[in-house]
Amino acid sequence: MMSPVEFFKKLPKKVCPECGQHVEEQAESYLMECERCLAKKVE
Ligand SMILES: [Zn+2]
């Protein structure tokens, strides 16, 4: 049997292509970057 911890470890994580940080899944967002990198892009 697979423990819940192992299950979540196997889930693919969305990673920011800019800084490599894990990005929280946002259902309404189509963007890949994390909030920090997005903030940098928005002037
Ligand atoms: Zn980033």
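Before the details, two notes on the model. Residues are numbered from 1 along each chain, following the sequence as written. The model is predicted, so local features need pLDDT of at least 70 and side-chain atom pairs count only at pLDDT 80 or more, while totals for chains, interfaces and linings use all residues.

Let's start with the overall picture. The protein chain has 2 helices and 0 strands; helices (H or I, at least four residues) and strands (E, at least two) are DSSP runs, numbered from the N terminus. Of its 43 residues, 5% count as buried. On that scale, a residue is buried if 20 or more other C-beta atoms lie within 10 Å of its own, exposed if 12 or fewer, and partly exposed in between, with C-beta atoms placed from the backbone.

Now, please find M32. You will see M32 in the loop between α1 (4–10) and α2 (35–41). Why does M32 count as partly exposed? Because M32 has 13 other C-beta atoms within 10 Å. Setting aside residues up to four places away in sequence, M32 touches K14, C16, P17 and V23. Contact here means that the C-beta atoms of two residues, placed from the backbone, lie within 7 Å. There is also E18, 14 residues from M32 along the chain, with 9.0 Å between the two C-alpha atoms.

Let's turn to one of those partners, K14. The loop between α1 and α2 holds K14. K14 is partly exposed because there are 15 C-beta neighbours inside 10 Å. K14 and M32 are 18 residues apart along the chain, and their C-alpha atoms are separated by 7.5 Å. Again leaving out residues up to four places away, K14 touches V23 and E25 as well as M32.

My last stop is C19. You can find C19 in the loop between α1 and α2. Is C19 buried or exposed? C19 counts as exposed, because 12 C-beta neighbours lie inside 10 Å. Beyond its neighbours within four places in sequence, C19 is in contact with C34, R36 and C37. From C19 to E33, 14 residues apart in sequence, the C-alpha to C-alpha distance is 8.3 Å.
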